[in-house]
Amino acid sequence: MVPLPAPPAIQAPEPLGVLLDRARKAREAGRLGEAIQAYDAMLAQVPDHETALLERAETLGWAGRFAEAREGYLAFRKAYPARAYTSDLALARLAAWQDHTAEALARLDPWVKQEQRQALLDSATYLSWSGRLPESLARVRRWRLAHPEDREAILLEARVLAWAGRNAEARGAYDRLLAQAPGDREALAGLARLSIWEGDTAGARRILDRMPAAALAHPESQLLLAQVEAAEGRTRSARRRADALAQGGPAQRDAEELRDDLARARGPWVELAADRTDTSEGLRTENPALRARVPLGDGALDLGLASRRSDFQGALRRPSEASLGLSYPLGARMTLSGAVRRISDSGGGPAWGYTLGLGATPLPGLDLSLSRERSLALFTPQAAALRTAFVSTDLGATWRFGQGRHALSGALGQADVTSSALGLTSTRRSHMASYEYRFPVTALDLRGGLMIRGFGYDRTLALGFFNPERYRWSGLFGSAAWRRGRTFELGLGAQAGTQTVNGGAGQFTWSYRAGATWHPRAWPADLSAWWTQSVAGLPVTTPLDPAAYREHTLGLSLRIRGNHWIW
């Protein structure tokens, strides 16, 4: 008789404690998929395991699987109704991460009415994320009045003050916390963040160097290090650090935003843009363009194709332009840039232009620029037909001080203007000086200032564009921007002043620009639209009466961001 084979051994399930330890270690290492599998194995043994239900939902949220995370939190709330407060805090946080501020606030509202501390502080945080800074500040200060020693509330108040541009008040709050606890990680992180926003990258790095190793390894500190590296021009290192943080954890949302900012600054992206300008004298220009930017090392490579259409008094020209450019940081304080452009038709044949630029930040808040450029005058048909070119050298400086609230700017320039078709030359000299003040308000980014500018040609030539021997403008300018978190922005800028042409009588001029930008969080895209209008401003063509000149421009752009094209 043949013996029957022994039945296979039944493998005992892993102990719940082992699975929980594995899940938590995987979460800490950013291996979120592995952590979720371990939580699933726990729930296969105990379907209503309290810790596994809650931490699995939290991990799904960190992984960006928001719909599944929401289902997990709701399942936890149903299984443990006594922990409804914990569930609602988590569900509100999940909604806020998706920019569903109204849903998050509605979820927290019953608890806020009961004066539940964490609900009140979280609701203040989400209000600030959506740009409702005055409401956020009022809510956290109401709590602070009753609880003046609440450290988390002090930190939140300082963060909101910093987001509102009230840097001195925010710095004072952080300093008070550090006076009590010199190694307070969150207070040091807040001061480092302020230094980054004020352009003091070296100061931010010094603050981070004061942190103990364990504090520096915290995700928030690592995020700040990535921001410092980005400001220093170490784009690849910043991107790698942000990529790791974006895999999950408490810094995931901010890391994703930093990756988006790096993509906007260094690529990769592709943009379709177009603008059209009409003047009171009948000039119309249209500039549809396709542009792209891809990362190249720590720098970026720019490519562009555009059409430069101009129509005036029956003359029509439509040359095309192809461009190739490169910008690259030279250490932490300098950036070199260059570009070449080919115009298909300038006075019957192709022509070339170029740009070379050097930017430097020798001191915190001080930005210097030097550029050399050869550009073709394509803004009127006559200027293009006469093969008019500018070869210009420009020097500029901006100094921001007083926690970034004040800014002084100045620029000097000289350009040699030539028409190869006529054999004529002229020289233009220009200058500009301005002062800007950023008002300490929380509802808007509100700025205003004074400006003088002028230019003049050593002789006026019949080249089809405005080139007086002396032009001067002085006046006021201002701007206001309202933001809803990082999703939507409305902006309005205006200026008004007096201009003189060739020493004549002063003429009142004014202009404005209105724009809107939408950054849908669910898509890697930026959509922008803008409208500008000018009355008696700087004309393009040569008008009989500059005071009667009118001009308006409509523009649209769609930018689509990508990832991992060139490293």
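The following dialogue asks how several descriptions of this predicted model are reached.

Visitor: What does the numbering rest on, and which residues and atoms count?

Guide: Residues are numbered from 1 along each chain as its sequence is written. The model is predicted, local features need pLDDT of at least 70 and side-chain atom pairs count only at pLDDT 80 or more, while totals for chains, interfaces and linings use all residues; side-chain values use heavy atoms, without hydrogens or water.

Visitor: How many helices and strands are there in the protein, and what makes a stretch a helix or a strand?

Guide: The protein has 17 helices and 19 strands. The C-alpha trace spans about 110 × 75 × 40 Å along its principal axes.

Visitor: Why is α9 called roughly antiparallel to α10?

Guide: Two packed helices are described by the angle between their axes and the distance between the axes. Helix α9 (residues 151-163) packs on helix α10 (residues 167-180) at about 155°, and their axes are 7 Å apart. That angle makes α9 roughly antiparallel to α10, since angles over 145 degrees count as roughly antiparallel, under 35 as roughly parallel, 65 to 115 as roughly perpendicular and the rest as oblique. The axes are lines fitted to C-alpha atoms, for helices over the stretch in contact, and angles run from 0 to 180 degrees between N-to-C directions.

Visitor: Which residues of α9 and α10 meet, and what makes a pair a contact?

Guide: A contact means heavy atoms within 4.5 Å. Arg151, Ile154, Leu155, Ala158, Arg159, Leu161 and Ala162 of α9 meet Asn167, Glu169, Ala170, Ala173, Tyr174 and Leu177 of α10. By class, 9 of the residues in the contact of α9 with α10 are nonpolar, 1 is polar and 3 are charged. The classes are nonpolar (Ala, Val, Leu, Ile, Met, Phe, Trp, Tyr, Cys and Pro), charged (Asp, Glu, Lys and Arg) and polar (the others, Gly among them).

Visitor: How do you know how α9 lies against α11?

Guide: The axes of α9 and α11 come within 11 Å and cross at roughly 5°. The two helices are therefore roughly parallel to each other. From α9, the contact takes in Arg151, Leu155, Arg159, Ala162 and Trp163; from α11, Glu186, Ala187, Leu194 and Trp197. This contact of α9 with α11 has 6 nonpolar, no polar and 3 charged residues.

Visitor: What makes a set of residues a nonpolar core?

Guide: Such a core is a set of buried Ala, Val, Leu, Ile, Met, Phe, Trp, Tyr and Cys residues joined through side-chain atoms within 4.5 Å. The largest one has 36 residues, and Leu121, Val140, Tyr174 and Leu208 have the most contacts inside it. The largest share of this core, 8 residues, is supplied by α9. A second, separate core has 24 residues, including Tyr39, Leu53, Leu60 and Trp62.

Visitor: What is Tyr174 in contact with, apart from its neighbours within four places in sequence?

Guide: Tyr174 is in contact with Leu155, Ala158, Arg159, Glu186, Ala187, Gly190, Leu191, Arg193 and Leu194.

Visitor: Is Ser130 buried or exposed?

Guide: Buried means under 20% relative accessible area, exposed over 50%, and partly exposed in between (1.4 Å probe, protein chains only). The relative accessibility of Ser130 is 6%, so Ser130 counts as buried. Ser130 sits in the loop between α7 and α8. Neighbours within four places aside, Ser130 is in contact with Thr101, Arg483, Arg484 and Gly485. In the protein, 44% of the 567 residues count as buried.

Visitor: Why is Glu71 called exposed?

Guide: Its relative accessible area is 57%, so Glu71 is exposed. Glu71 lies in helix α4 (residues 66-79).

Visitor: What is the phi of Glu115, and why is Glu115 called partly exposed?

Guide: Phi of Glu115 is near 60°, a positive value in a residue other than glycine. Glu115 has a relative accessible area of 43%, so it is partly exposed. Glu115 belongs to the loop between α6 (101-113) and α7.

Visitor: Why is Asn502 called partly exposed?

Guide: Asn502 has 48% relative accessibility, so it counts as partly exposed. Its phi is near 55°, a positive value in a residue other than glycine.

Note on methods. Helix = DSSP H or I, 4+ residues; strand = E, 2+ residues; numbered from the N terminus.
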